[in-house]
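Let's take a friendly walk through a protein structure and look at some of the contacts inside it. Have the sequence and the 3D view ready as you read.

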Amino acid sequence: MNSIRIYRGTNQIGGIVTEFLSEDHRILIDFGANLPGTKDAQIKDDELVEMVFGDKEHPRGADAVLVTHYHGDHVGLKDRIPEDVDMYIGDTAKEILKAIATRVDTMNKLNGNNVNPEVPLINRMKGYWKNGTPKDFSGIRVTPLLCDHSAIDAYMFLIEMNGRRILYTGDFREHGIPGTETFENTIKNNVGKIDILVTEGTMIFRTKEVKDSAVKDEDQLGKEAYKIFNAHKENVVLVSSTNLDSIMEFYHATPSDKAFLCDPYQAEIMKLAIEARNSYYPDKYSYKKTIYVLCKEEYDGCMKNLKDIINPNNGLQSFFMAKPEIYMEQGFVMLARPNRNPKLKVGEFEKRMQQMKDPFITYSLWEGYLEGGKAPDKAITDFVRGRDDESHMKKLHTSGHAYVETLAKLMDMTNPEVIIPMHTESAKAFKTIPQFAAHADKIHVLHDGEVFTLKTEVSR
Ligand SMILES: [Zn+2]
C-alpha cells in the first residue's frame, strides 16, 4: 500500500507526526511532543509512540525520521525514536539543538536530576543532504527545501512517490528575513505544479491577532523596536532564544549609544546563526555593534567560545564581557528569558530587573502566554507582573506561521488536486476561508491516524 497518514496533528497545533508509506518502506516527518497547554490532547505522547513504533513484542521500524525544525512540537519526542532509525535535521538546526541540550544537561546535573543526557541523542542526528536535491528512500524521493520560519534552518519537503508529487510544508511563512522572494522562488523553481498539498494552518483562526498586531513582518518589527529602544534607557526584551530573525532585528535596531546585552547561552546561539546565515542574508545576519555578554559573577570562562570571534566590519572582538557600571550608565537593550529553573527562587534576569530604575519590556512572544491568553505561561506571567501596562510594556511580535494570504498564494502557485490541512485548530474552516474559495472543493480533512491512500498511477 502507498499512503499518507497523519498520526497526530490533523486538528491541533503541534505534537505532530506524519507517515509516508510505500509498500513496506516508510519515512516519518517530525516526532513532536504535545505543546504545553494543549487542552484535552486526543492522543497522549505515550500512546503516540506506541502507535508509530509499536510495542516491545511488535516493534516497527522506519527508513528515516525527517525533522522539519527544532521546535519541541516537532522534535520533542526525539528520545522515543528507536536507536536504529536514522534521524535527519538541518546542520544549523542541529547545532542549535545541541546548544539547548548542553544547557539542559548542565541544569539537570546541577539540580541532581537523574535523567538521560540529551547531547548524545543530538549527536546521533544526521544533517540534510544538499538543499533542493532529492534523495531516495526505497521508492520515496525526498527533496528538502529551506524555508522561512521563526526557527532558522527549517524545511519543507517535496515528496515524490507512486507517481505523485506531494508538498509537505511543515511550519513556514513569508514575512521573516528570508521573506517573499525566497518563498516565491522556492515554490516556482523547486516545486511547481503538485498533486497533493499537506499544509500547516496555524493562523486560520488567528486573523484577529494578526490584525491587532503592531507589526506584520520582521522588517517592521525592527523599525518599531528602534523607536522603543530610543525612547527608553533600560530595555528588556522577552523573546524566544531561538527566534533568530527577531533577535537579529532587535540587535540591529539597538541605537548606537546603547549597549546590546545577552547571556552566554544566547550569545552562543547568535554566533551559530550569524555563521550559518551570513552568506544568505548579510544585512541582518552579521555582526554590527559589540555584543556584551552577561557572565555570572563576571566569570571569565563564560567567554571561552566567544572571545576569539572578530567582527569583520571593524576588526574588533564581536563579544565582550558586560560590565554593569558601564551599561547601567549608558543605557541598554537586554535580551531576557523568564526563570524556568524551579530551584531558583528569583531568576537571573528577574534579579537584574530588580536592580533597574525603570525597565521597559518589549514583549516579543505569542500573546496567548500572557494572563487571560489562550495558554497562560506562569514563568512569563510572573516575569511581567506589575509591568504589563502600556507605560511599562509593548507587544512586538510577528508570527512564525503563514498568514491566510500566504497559504492562498501557495495553493494558487502549486495548484494541487488535493489539499490536506494539518497543524491547525480547525481543518474544516479551510473550506470556508474566502481567500481559499478557488480551492474549496479540494480540501480533504483527515482524522488523526486516518490512512489517505495514494491510488496507483494507471498508464494513460
Ligand atoms: Zn509547529
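The report below looks at a metal site, then at cysteines, and then at salt bridges. Please keep in mind that this is a predicted model.

**The zinc site**

Start by finding the zinc ion. Four residues coordinate it: D73 and D171 each through OD, and H74 and H423 each through NE2, at 2.1 to 2.3 Å. Now look at how the donor atoms are arranged around the metal. The angles they subtend at the zinc ion run from 85 to 168°, which makes the arrangement irregular. A tetrahedral label would need all angles to lie between 85 and 135 degrees.

Next, trace the donor residues along the sequence, where their spacing reads D-H-x96-D-x251-H. D73 sits in helix 2 (residues 72-75), while H423 belongs to the loop between strand 19 (418-422) and strand 20 (451-453), so this pair ties together parts that are 350 residues apart in sequence. Are these two residues buried or exposed? D73 is buried, with a relative accessible area of 8%. H423 is buried as well, at 1% relative accessibility.

**The cysteines**

How many disulfides does the structure hold? It holds 1 disulfide. The bond joins C295 to C302, with an S to S distance of 2.0 Å. Both C295 and C302 are buried.

C262 is buried, with a relative accessible area of 0%. Another cysteine to find is C147, which is buried with a relative accessible area of 12%.

**The salt bridges**

Across the whole structure, a search finds 27 salt bridges. Here are three of them, with the N to O distance for each.

| Salt bridge | N to O distance |
|---|---|
| K193 and E417 | 2.7 Å |
| E371 and R385 | 3.6 Å |
| D382 and K378 | 2.8 Å |

Begin with the salt bridge between K193 and E417. K193 lies in the loop between helix 5 (179-191) and strand 11 (196-200), and E417 in the loop between helix 13 (404-414) and strand 19, so the pair ties together parts that are 224 residues apart in sequence. K193 is partly exposed at 42% relative accessibility, and E417 is partly exposed too, with a relative accessible area of 49%.

Now move to the salt bridge between E371 and R385. E371 is in the loop between strand 17 (360-364) and helix 12 (378-384), and R385 is in the loop between helix 12 and strand 18 (393-395), so this pair ties together parts that are 14 residues apart in sequence. E371 counts as exposed at 56% relative accessibility, whereas R385, at 48%, counts as partly exposed.

Where do D382 and K378 lie? Both are in helix 12, 4 residues apart, about one turn of the helix. D382 is partly exposed at 35% relative accessibility, while K378 is exposed at 60%.

Finally, look for a group of charged side chains that work as a set of contacts: D148, R173, E218 and D245 are linked in a network of salt bridges.

Conventions: Residues are numbered from 1 along each chain as its sequence is written. This is a predicted model: local features need pLDDT of at least 70, side-chain atom pairs count only at pLDDT 80 or more; totals for chains, interfaces and linings use all residues. Side-chain values use heavy atoms; hydrogens and water are left out. Donors are N, O and S atoms within 2.8 Å of the metal (3.2 Å for Na, K and Ca); water is not among the atoms, so sites may look incomplete. Four donors count as tetrahedral if all angles lie between 85 and 135 degrees; four count as square planar and six as octahedral if opposite donors are over 155 degrees apart and all others between 65 and 115; anything else is irregular. Helices (H or I, at least four residues) and strands (E, at least two) are DSSP runs, numbered from the N terminus. Buried means under 20% relative accessible area, exposed over 50%, partly exposed in between (1.4 Å probe, protein chains only). A disulfide is a pair of cysteine sulfur atoms within 2.5 Å. A salt bridge is a side-chain nitrogen of Lys or Arg within 4 Å of a carboxyl oxygen of Asp or Glu.
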